[in-house]
Amino acid sequence: MAGVTFPTTESVDFLVIGAGAAGGVVAKELATAGFTVVVLEQGPYLRETDYSHDEIKYTFQPGLTNDPKVQPITYRKSEADQAQPMKAIEYGRQVGGGSVHFTGNYWRFHDSDFRERSLFGEVTGADLADWPIAYADLEPYYTKAEYDLGISGLAGANPFEAPRSKPYPLPPMPVKSSGVLFDRAARKLGLHPFPAPVAILSQPYQGRAACVNCGFCESFGCEMRAKSSTLVSVIPVAEETGRCEIRPNCYVRKIETDNAGRATGAVYFDRNRRGIFQRAKAVFVCANGAETPKLLLMSKSKRFPAGLANSSGLVGKYLMWDNGGDAQGLFEHPLNEYKGIQVTRLIHDYYAADPKRGFYGGGGIDARFDFYPAGFALHGLPPDAPRWGSEYKKVFETYFNRTMMLMAHTTSLAQLKNTITLDPEVKDAWGLPAVRVTFDYHPDDVATMKWMMAKQIEILEAAGAQKTWSQPYDLADNMPSRHLMGTCRMGNDPAASVVNTYSRTHDVPNLFLVDGSNFVTSARQQPTATIQALAYRAADHAIQAAKRGDLG
Amino acid sequence: MNSTRRHWFSTCLAIAAWPEVLAARQHAHTVAGSPTPHFETLDANTAAEIEAIAAQIIPSTEGPGAREAGVVYFIDRALSTFAIDDREAYRTGMAQVQEKRKELFPNSTTITSLTGQQQITLIRSIETFSFFELLRTHTVLGFLGNPSYGGNREKVGWHAIGLEDRMGHQPPFGYYDAQIDGEKKWPA
């Protein structure tokens, strides 16, 4: 591990909590601008040599994600219920965070995503609002992220995409059989399939080698450093400045404030569970849509009795979910979908909401195969397939290489009643309160998923599938939610939001929050590009403010 | 296992789940190196009974099944490593299965001594038990999981599903992308 070590007794310019998709970006921007930075990360500091193609470790156990054995999560459908232990949410828990084990999908938001309330009006039972910023405000930062991190894709191929100032830095990845079948079928139906934009290198880039098509992207860390996680892209740049220390296995329990109400640093448990205080002039919390509100709610003080930066009462509110659903199809010839990255083609034709559908919502559909061998044999077969015996064996043996899937990524409407709170009873292995998730779908979310499912089946049939199937709908199917959004909403009004347009809290001038928690709407899932664009923008603002002496 | 991986595990010792994974890997390494695998968690009789059921879940018809893949060795190892919490479920679950066997075939003494058809009848009568789902899951993991856990011997499970175990692949990957030479063509 390269880089500098700062004594905890000294104040650094910036403390960044969480070394994931956003925290890695923020650390690199601040350090390269000349500031000293300490990054505290709950999880370990792993390298590509630590990873393997071990399905049991990474998909049947929490290999790279939060482990409920040591950090329990509790879940309830509504405030009236008693929350029960359940891994309702999941997040990447190591240096690089979720950008290490994610599938790599890298969608920009559409222009309309920032002003859905104005475009479509009120949605009964939902708290739909416009973002306080527009696509044009974020565009330069999307471009910066794509070039800094290394994104492959084809500009102009998606007719629904908002204008972009530059093409992708890398061409798209090689198309798979699922992509070819999907592309042909979608065109036959008058749709507009396009090559998937992904955070995976199709060619060598900035000293990293191109992807070798091993197929172990989703849930796995990349052994080739070809997945453009913050771990292999921006974090090394931050460390090379000599001004950034990544401190793994450090679990923050409280952000401290002074009498003037400014953040002074954070108290954390180090790997030996000793309590340490790191002083800093300003603090960025990039801990994800669950851990960020949890930390703020734990950081109560006399001055901030409802939790830090929570004068609006909205910290932890408006939790949005990883909505979608999948349909599968069996084809005549081998697809060998286990080879290559997961997704190579998708459509955004159904992205925009359409009042004619009778509900609010929309989504994208991608072609993929989301299974590894044992997971497929256990959870991927048609509902009418036998579950054991010679017929069962024959089905999983002959289906594995001939099956593909269409996955929808759909709207999750913000609702005040869906929350992250501190569980009053259940504690984690450090004695801190467990995250308590309260969540239920908005009826339109369910209607959107069902409507999209019919479209998915239609496309699979147009592709010539011999058989199609989908899993029955249940909230449990979309657990754990991996996209955690909305819990520290961005806005201009301090009474109706937690952070301002630069991800800076309304209440504490030297405290920034940037991750999925800022999201006012969920768009159509795939939040990573927007999380990272927001991180570049927030860092840019913080740098200017610090240079003016505006951060203390 | 290289030094980096060991370092990783040593940094994670505060986290309860990781020593179990470490133990599983060490165990797998030890057993893989020994000429005749032995059982560490199960007694030989119980192991044979479990194997008889696993061999009906994934039978050895038209190619190797759970038996040839060494699924029972995978289960034995799992029960002292990552699935250590499932030991009690196996103890009570197997007792339930034996009860059922006695009920259906009063003159029998073991599952292994039943005919294949009798074993199938027995499994039909237990397939709604939660223990059966656990055993089914472990059987599939032992057939298709990474061979370092003691199952999927000689990668028989991966061969059965047509998976080539390679560090990387070159396009074209399948029949349909081969039709366009696996190029980065768009539209395809």
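Guide: Happy to. Two residues are in contact if their C-beta atoms, placed from the backbone, lie within 7 Å. On that basis, among contacts in chain A between residues at least 6 apart in sequence, 74% join residues at least 24 apart. Please keep in mind that this is a predicted model.

Now to the sheet itself. Six strands of chain A make up this open sheet, in the order β5-β11-β12-β13-β10-β16, and their pairing is antiparallel. The edges belong to β5 (194-195) and β16 (467-470) of chain A; each has a single partner strand, so one side of each is left without a neighbour in the sheet. At the β16(A) end, strand β10 (residues 324-330) of chain A is joined to β16(A) by four bridges, and the two run antiparallel.

Stepping back, chain A holds twelve helices and 17 strands. Its C-alpha trace spans about 70 × 50 × 50 Å along the principal axes, and 61% of the 552 residues of chain A count as buried.

Finally, the partner. Chain A brings 56 residues to the contact and chain B brings 50 residues. On the side of chain A that touches chain B, α6(A) gives the most, with seven residues. By class, that side of chain A has 27 nonpolar, twelve polar and 17 charged residues.

Note on methods
Residues are numbered from 1 along each chain as its sequence is written. Chains are lettered from A and ligands numbered from 1 in the order in which they are written. This is a predicted model: local features need pLDDT of at least 70, side-chain atom pairs count only at pLDDT 80 or more; totals for chains, interfaces and linings use all residues. Ala, Val, Leu, Ile, Met, Phe, Trp, Tyr, Cys and Pro count as nonpolar, Asp, Glu, Lys and Arg as charged, and the others, Gly among them, as polar. A residue is buried if 20 or more other C-beta atoms lie within 10 Å of its own, exposed if 12 or fewer, and partly exposed in between; C-beta atoms are placed from the backbone. Two strands pair if DSSP finds at least two bridges between them.
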